[in-house]
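Subject: Handing over the structure

Dear colleague,

I am passing on the structure we spoke about, and I would be glad if you could look through it alongside the notes below.

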Amino acid sequence: MCGIVGYSGKQNSSKIVLEGLKTLEYRGYDSWGIAVQDKNQIKIFKEIGEIKTKLSMLPLPKTSCAIGHTRWATHGGVTMTNAHPHISTTKDFILAQNGIVENYTPLKNMLKKKNYKFKTQTDTEVIVRLIEQQTNKEDTFRDSVRGAFNMLEGRNTIIVLNSKQKENIIAVKNGSPLVLGIGKDELFLASDALAFTRYTKDVVFFDNLDLIEIKGNKFKIYDSRTGKEKKYKITKLNSKVEEVSKGKYDHFMLKEILEQKDTISKAVNYKLEEIKPLIEEMKKSNRIYITGAGTAGFASGQIAYFLRSISKVDILDIRPYDFTSYLPILKKDDLVIAVSQSGETADTIEVLEYAQEIGSTIACIVNVEGSTIHRMSEFKYLIHAGPEICVASTKVFTSQCVFGYLLAKSMVGEYTEAREEVESMSSELGEYFSEKTFEHIKGLVKKIRGRNHFFILGKDQNAYIALEGALKIKEISYKHFEGFSAGELKHGVIALIDKGTPVFTIISDDMCSKDLLSATEEVRARGAYTVGVGSSKFKGEECFDYFLPVVKGKGLSSIANVIPFQLLSYFLAVSLGNSVDKPRNLAKSVTVK
Ligand code: G6P
């Protein structure tokens with residue numbers, strides 16, 4: 001949540017920061033702002049909402065040093081006053097934050113008593129005033145920033161542009177991500193390396209509480225607690241530099257849905273020898289936990305399902321924000337598997353920090369190389385889905401699930417079979433993604449778009465698919481879609497069904513199909529408009545008013561079943577005129593709790 005960019009070097013700094021912010025907009029799009037160092041002054045430009053202003057229209061001088069921020073509001077409404085970066089009273093420095101100052105109320109009260117004035121409702125302004133207070137006490141600007149930062153509680157990463165020293169940026173990382181890019185005579189700072197990988201892939205990752213000071217094209221790293229200089233390591237990113245563009249598509253979401261044909265294959269592109277170490281670790285672990293939030297949480301659930309049902313692994317699938325009661329029973333010889341797209345989700349990281357403290361082993365299934373979760377893990381598996389820009393996750397979900405399937409099958413000696421199944425699903429998807437399929441789904445959109453409450457029934461292998469399908473549609477259509485296990489129907493939910501209520505049933509050719517057909521009959525008898533999603537074997541069943549057939553997918557049929565919901569979500573949101581890639585109130589990377 002919130003994206004930070006900094007640049008010092010030979011190029012036009014506002015161009016680089018603007019490009020970076022545009023790339024990081026998935027982290028928040030309530031407002032944005034850029035500050036450049038112009039001789040001994042700071043020039044600022046801020047705007048509410050998405051980045052619409054082009055570089056040529058940006059009323060900022062060409063300079064060599066700038067910082068920028070894209071906001072997902074936490075404290076204080078979406079206004080120009082609250083938009084970052086925030087300038088100091090004397091206009092000597094300007095600051096932006098990604099995170100939350102948890103103790104901002106006592107700090108603000110303390111500062112007010114000392115006559116410091118506040119103009120915004122943000123917690124960030126407290127950091128600005130704290131630095132002002134410290135400048136009267138410390139010798140160097142770096143020590144003032146350090147002194148102020150050490151008073152903060154919570155996960156917060158800050159970036160400060162100082163106007164008094166040429167090309168001087170200071171950043172401190174705690175909790176929220178930050179990475180430094182080293183180019184030829186130029187330096188980049190960003191919440192995600194994606195913001196600058198077109199210029200350099202040489203990066204430095206930081207530990208929490210690292211302070212980075214840039215002066216021109218030189219930098220030093222300090223421990224923010226002690227002030228002592230630290231050594232650092234330059235890492236070369238392996239991932240292919242991918243241009244983040246929509247290509248011929250109107251939205252990233254459709255592009256990313258269609259990419260699944262290839263991304264599922266990339267996710268399982270591991271040799272058996274590369275998977276074996278995790279299998280061995282699972283075998284010797286006392287207890288295995290798997291965790292993730294949002295869509296990644298549903299992927300964790302699906303992976304746990306595969307591990308239980310295919311390889312008889314005793315695995316606990318717990319959401320990170322619900323982990324508290326498990327913490328006292330977490331042991332040194334337990335294994336925690338984290339599932340995450342960004343590798344930066346605050347709740348998930350917090351569980352891993354605890355696991356690290358007591359010495360449990362950490363493994364991860366993530367999409368972003370070098371992310372916090374990736375670096376914290378001993379067993380690291382990248383799913384190589386490429387950048388996912390649409391806030392609603394699609395290709396990453398299926399990639400994480402197919403990796404889980406490969407893991408489960410490899411444990412029972414069926415590695416080759418799993419790889420073949422993924423390949424065959426990939427080629428089936430090639431045919432499935434056609435105008436015919438899209439028109440069929442759009443036909444359903446016309447029938448249901450006027451309704452506000454929808455239900456999705458799943459069971460066993462499709463239970464998490466029902467939850468993920470419903471989440472996808474909620475996120476961008478803002479309609480109330482509720483997914484649940486068909487077994488729950490008669491225990492309450494059926495009371496909500498009345499004439500015309502759309503009810504979706506996810507049906508695979510498995511031992512649950514009879515129960516699902518009966519559940520569909522029951523809701524239909526109460527007036528529901530029934531939609532079947534799944535194996536074409538059930539296409540002709542009378543209980544369905546509409547049917548969305550899905551590719552066979554063999555053992556992967558549950559994963560395939562999510563795809564019609566992704567497409568439905570997309571076409572429904574487009575027909576409602578919603579912002580598809582940047583839905584209201586959401587952000588892709590949830591780096592605050
Ligand atoms: C947000 C995103 C979801 C994502 C979740 C967890 O809610 O909108 O798409 O599943 O965070 O993020 P992660 O990066 O850990 O997968």
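The model is predicted, so local features were taken only at pLDDT of at least 70 and side-chain atom pairs only at pLDDT 80 or more, while totals for chains, interfaces and linings use all residues. Residues are numbered from 1 along each chain as its sequence is written, and side-chain values use heavy atoms, with hydrogens and water left out.

Five strands make an open, parallel sheet in the order 22-21-23-24-25, where strands are DSSP E runs of at least two residues, helices are H or I runs of at least four, and both are numbered from the N terminus; two strands pair if DSSP finds at least two bridges between them. Strand 22 (480-485) and strand 25 (546-549) are the edges, each pairing on one side only. Strand 21 (residues 453-458) is joined to strand 22 by six bridges, and Ile456 stands opposite Gly483 of strand 22.

As for the ligand, 14 residues surround it, the closest being Thr295, Ser340, Gln341, Ser342 and Thr345 (a residue is near if one of its heavy atoms lies within 4 Å). Helix 7 (residues 294-311) gives the largest share of this shell, three residues. Among the polar contacts (pairs of N or O atoms within 3.5 Å), a polar side-chain atom of Ser340 lies 2.6 Å from a ligand oxygen atom, whereas a polar backbone atom of Val391 is 3.4 Å from an oxygen atom of the ligand.

Best regards

Terms used
Polar contact = N/O pair within 3.5 Å; in protein donor to acceptor, adjacent residues only side chain to side chain.
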